[in-house]
Amino acid sequence: MQLNEALKLYDLELFELGARANEIRRKYHGDKVFYNRNRHINPTNICSDRCLFCGFSAHRKNPHPYTMSIDEIAQTAVKAQARGAKEVHVVGAHNKKLGLDWYFEMFKAIKKAAIGIHLKAMTAAEVDFLSRTYAIDFDEILDRMIASGVDSMPGGGAEIFDEKLRAQICDGKVKSANWLLIHELWHGRGRKSNASMLFGHIETRAHRVDHLLRLRALQKKTGGFNAFIPLLYQTKNNFLDVKKPLDSEEILKTIAISRIILDNVPHIKAYWVGLTLNLALVAQEFGADDMDGTIERESINSAAGADSKDGVNEKLMRDLITSAGFTPIERDSMYKEIG
Ligand code: V47
């Protein structure tokens, strides 16, 4: 698919686009809506990067710097597992004070304390940050992640791949080509990961479509992406001056177009944290098949205004999915059905 052809999808009427996306979604998943029981852990908010969209970093608008101890992180995983979480999603800011080994010790401590939990950790942006800070190559970091218990990689740090726009909103962060390369290397190790896109800020439709096409090309090569997550930009406490947040029609069109362009990626997540639970449910009619998870504690989007700080309880998640006319399916991190 070429950029111009893909871009024309936005000209379709919303419900026509939704029907096309829904067809792909139903072929893959019928009326199932997936979610998991997970816990987000963000070990530190002290960051050497300066992403203009971020309200989480302690540098500017968030005046409360913190770093969790390894023991605190491991105990958080243990408690979450005791409450039923099957996955911990561990990503943090780029804190130069922690040292390289800290990461691998932290992963080992989680896996030792919470036996059997799935560890989804390290965005490609973090891998790149460690590589640049400690002058070691991506391969070595990925091998050490595997040796210390990381099971899969989350999709964060992708933002928008267009190099010019990227330089405007997150200069100094992992380059687009390296984000893609890190995931390719990870897939080459037989491992799965997710991919994301931050949208609804100062990007254009063409930037989004270009981003999706680059992911489509990599997926064609590796088949290693499990899910794509279109992350809706949250407007508060950050340094991007976005005058007009996206309306629901444009959001749903973007989710539907993601489903159509990424028809080689099995799952599209409507991340309820950024979309709200209601819009994430509507998105299930427009190509999405996953709500993400119960999360328990969320710091990145809530720092920028989302109503997600305390996650969502499982009963509410299931009830909402059912009342929207779908079948709720608890899944593990690799999309094996649990119940
Ligand atoms: O990469 C930062 C985003 C991401 C804002 O892989 C913001 O399963 C909205 O990637 N508004 C991290 N978003 C979160 C992420 C993720 C989330 C859920 C599931 C998975 C997965 C991955 O948060 C960052 C960045 O794009 N972010 N600031 C903001 N103001």
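Trainee: Fine. What kind of model is this?

Mentor: It is a predicted model, so please keep in mind that every value we discuss is computed from that prediction.

Trainee: How many helices and strands are there in the chain?

Mentor: The chain holds 14 helices and 9 strands.

Trainee: What share of the residues is buried?

Mentor: Buried residues account for 58% of the 339 in the chain. The accessible surface comes to about 13700 Å², and 52% of that surface belongs to carbon and sulfur atoms.

Trainee: What about contacts between residues that are separated in sequence?

Mentor: If you take the contacts between residues at least 6 apart in sequence, 76% of them join residues at least 24 apart.

Trainee: Changing topic, how far apart are the mean positions of the positive and negative charges?

Mentor: There are 47 positive and 44 negative charges in the chain, and their mean positions lie 2 Å apart.

Trainee: Now the helix. How long is α4?

Mentor: Helix α4 covers residues 100-113, which is 14 residues, and from its first C-alpha to its last it reaches 21 Å, close to the 20 Å expected at 1.5 Å a residue.

Trainee: Which of its residues are buried?

Mentor: In α4 the buried residues are Leu100, Trp102, Tyr103, Phe104, Met106, Phe107 and Ile110. As background, an α-helix has 3.6 residues a turn, so residues three or four places apart point the same way.

Trainee: What covers them?

Mentor: The cover over the buried residues of α4 includes the helices α3 (70-82), α5 (124-134) and α6 (138-147), together with the strands β3 (87-90) and β4 (118-121).

Trainee: Last topic: where is threonine 276, and what is its phi?

Mentor: Threonine 276 is in the loop between α11 (272-275) and α12 (277-283), and its phi is near 80°, a positive value in a residue other than glycine. Most residues other than glycine have a negative phi.

Trainee: And aspartate 292, is that one buried or exposed?

Mentor: Aspartate 292 counts as buried because its relative accessibility is 3%, and buried means under 20%. Aspartate 292 belongs to strand β8 (residues 290-293), and its phi is also positive, near 70°. Threonine 276, by contrast, is partly exposed, with a relative accessible area of 46%.

Key: Residues numbered from 1 in each chain as written. Predicted model: local features only at pLDDT ≥ 70, side-chain atom pairs only at ≥ 80, totals over all residues. Heavy atoms only, no water. Helix = DSSP H or I, 4+ residues; strand = E, 2+ residues; numbered from the N terminus. Buried < 20%, exposed > 50% of the residue type's maximum accessible area, 1.4 Å probe, protein only. Contact = heavy atoms within 4.5 Å. Areas by Shrake-Rupley, 256 points an atom, 1.4 Å probe, with all protein chains shown as cover. Lys, Arg positive; Asp, Glu negative; His and termini not counted. Charge placed at Lys NZ, Arg CZ, Asp CG, Glu CD. Expected span 1.5 Å × (residues − 1).
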